[in-house]
Amino acid sequence: MPLQFHRAVEDMEIWSANSDGYSFVISFQSPTGRGFRGRSGYVASWRPLDQSRGSIRILGWPLQSFAEAENACNSMLNYLRDVNIPTR
């Protein structure tokens, strides 16, 4: 089942979803305006839900659409399931 993203912060373009012990976040960054700074585009990241550590960026470059970022997160979740990466 694909991840179901929801808006995590009302005033910023940040969405989150979780499944199988992992948390996924998609954010939009731009060189100007409100929110995160950087090259314009969507950035996807993940981390285990039960660990207090930083997230891991799924791709090194910003993606051009939310759909691309969402697909990257779903692909990463499938990979994590396949290799059975422990969440603890």
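Colleague: Let's start with charges: which side chain meets that of Arg81 in a salt bridge?

Modeller: First, this is a predicted model, in which local features need pLDDT of at least 70, side-chain atom pairs count only at pLDDT 80 or more, and totals for chains, interfaces and linings use all residues. Residues are numbered from 1 along each chain as its sequence is written, and side-chain values use heavy atoms, with hydrogens and water left out. A salt bridge needs a side-chain nitrogen of Lys or Arg within 4 Å of a carboxyl oxygen of Asp or Glu. Here the N to O distance is 2.4 Å, and the partner of Arg81 is Asp20.

Colleague: How many residues apart are Arg81 and Asp20?

Modeller: Arg81 sits in helix α1, while Asp20 is in the loop between β2 and β3. Helices (H or I, at least four residues) and strands (E, at least two) are DSSP runs, numbered from the N terminus. The pair links distant parts of the chain, and the separation is 61 residues.

Colleague: Is Asp20 buried, partly exposed or exposed?

Modeller: Buried means under 20% relative accessible area, exposed means over 50%, and partly exposed is in between (1.4 Å probe, protein chains only). Asp20 has a relative accessible area of 46%, so it counts as partly exposed.

Colleague: Now the turn: how many residues lie between β2 and β3 in their hairpin?

Modeller: Two strands pair if DSSP finds at least two bridges between them. Strand β3 (residues 22-30) runs antiparallel to β2, with 6 bridges joining them. Asp20 in the turn has a positive phi of about 50 degrees, and the number of residues between the strands is 2.

Colleague: Which residue of β2 stands opposite Val9?

Modeller: Strand β1 (residues 6-9) pairs with β2 in the antiparallel sense over 3 bridges, and a hairpin of 4 residues joins them. In β3, Ser27 has Ile14 opposite it. The residue of β2 that faces Val9 is also Ile14.

Colleague: Let's turn to the rings: how many aromatic pairs are there?

Modeller: Rings of Phe, Tyr and Trp (its six-membered ring) pair if their centres lie within 6.5 Å; planes under 30 degrees apart are stacked, over 60 edge-to-face, and the rest tilted. By this rule, the number of aromatic pairs is 6.

Colleague: Is the pair of Trp15 and Tyr42 stacked, edge-to-face or tilted?

Modeller: The ring centres of Trp15 and Tyr42 are 6.1 Å apart. Their planes stand at 45 degrees, so the pair is tilted.

Colleague: How far apart in sequence are the parts that Trp15 and Tyr42 tie together?

Modeller: Trp15 lies in strand β2 (residues 14-19) and Tyr42 in strand β5 (residues 41-48), so the parts they tie together are separated in sequence by 27 residues.
Trp15 is buried, and Tyr42 is buried with a relative accessible area of 14%.

Colleague: What about Trp15 and Phe66: stacked, edge-to-face or tilted?

Modeller: Their ring centres are 4.8 Å apart. The planes stand at 65 degrees, so this pair is edge-to-face.

Colleague: Which helix does Trp15 reach through Phe66?

Modeller: Trp15 lies in strand β2, and the pair ties together parts that are 51 residues apart in sequence. Phe66 counts as partly exposed at 22% relative accessibility. The helix that holds Phe66, residues 66-83, is α1.

Colleague: One last thing: which residues does Asn74 contact beyond its neighbours within four places in sequence?

Modeller: Asn74 is in helix α1 and counts as buried at 13% relative accessibility. Contact means heavy atoms within 4.5 Å. With those sequence neighbours set aside, Asn74 touches Pro2 and Leu3.
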